[in-house]
Amino acid sequence: MTKIAKLFSLLALILCAAIANAAEIVINSVSGDDVELDGQLTVAGAVVKPGQTVKTGENSKCTIELPDGSIISLDENSEVTFVSFTDQNGVTRTVLKVASGNVSASMDLARGSSLTIQTATTEVTGRSGTVCVSVADGTTTVVATEGSVSVTNTADGSVAVIGAGQAVTSSADSTGISSRAASPAEVAAANELAGTPSTTTTSVSGTQSGDAVPTGTVNIEGVDVNTHIWVNSPVLD
């Protein structure tokens, strides 16, 4: 084999390795000493394969990066299974299932891509923004802090689209689904889990998707707080 052929072979191996690494689901950070991957204690840098489960215990949290750049954050006492991940020419499809606790997803995906979070009663799908899904005592609460997501009640197929500052709650015996204003405590908790600054959200009536609206900063008791005005936009383009 000539030197040029050997060089091309080496470059091909390096490229294949880079592609393989880019397609991995990786635990980015671990806080506390009780984070498990399929029942075994794990550390930052561990690779999560489709079908595996990550679980956090008391006073323990972790963040996980998906191959598409999305960041999944687990609060303490939370459990999520990475059901599947596919990538077809840059169009990604990710499915997670939350069994318990609080799980946040921050995403900015390519057109046509989606991230779906399932619970026993609900299915949440989005492409961009940040959403927190909480499961406790058979009840699912979904809080959007950026962008918008589609929330489906899997019992009857009813759907609601929620934007920043909105929430949905569903349980096994609930029928239909409707959005409501998220409480300040819900928004603050979701922002803290996602690692984003707390914001105040204002709805503007009479606006349409794509309308330009102002953003700014207000001062509340001496503290500058970012204010954003959101307009409903399509969940998936």
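This dialogue goes through a predicted model of one protein chain.

User: What does the secondary structure of the protein chain come to?

Analyst: In this predicted model, the protein chain has 18 strands and two helices.

User: How many residues does the chain have, and what percentage of them is buried?

Analyst: A residue counts as buried when its relative accessible area is under 20%. Of the 237 residues in the protein chain, 38% are buried. The chain exposes about 12400 Å², with 54% of that supplied by carbon and sulfur atoms.

User: Why is V151 called buried?

Analyst: The cut-off is under 20% relative accessible area. V151 has a value of 0%, so V151 is buried. This residue belongs to strand 12, which covers residues 139-153.

User: Which residues is V151 in contact with, leaving aside neighbours within four places in sequence?

Analyst: Contact here means heavy atoms within 4.5 Å. The partners of V151 include T122, E123, V124, V142, S158 and I177. As for V161, ten residues along the chain from V151, the C-alpha atoms of the two are 6.1 Å apart.

User: Where does I117 make contact, leaving aside neighbours within four places in sequence?

Analyst: Among the contacts of I117 are L96, V98, A105, V131 and V133.

Definitions and conventions
Residues are numbered from 1 along each chain as its sequence is written. This is a predicted model: local features need pLDDT of at least 70, side-chain atom pairs count only at pLDDT 80 or more; totals for chains, interfaces and linings use all residues. Side-chain values use heavy atoms; hydrogens and water are left out. Helices (H or I, at least four residues) and strands (E, at least two) are DSSP runs, numbered from the N terminus. Buried means under 20% relative accessible area, exposed over 50%, partly exposed in between (1.4 Å probe, protein chains only). Accessible areas come from the Shrake-Rupley method with a 1.4 Å probe; for residues, only the protein chains shown count as cover.
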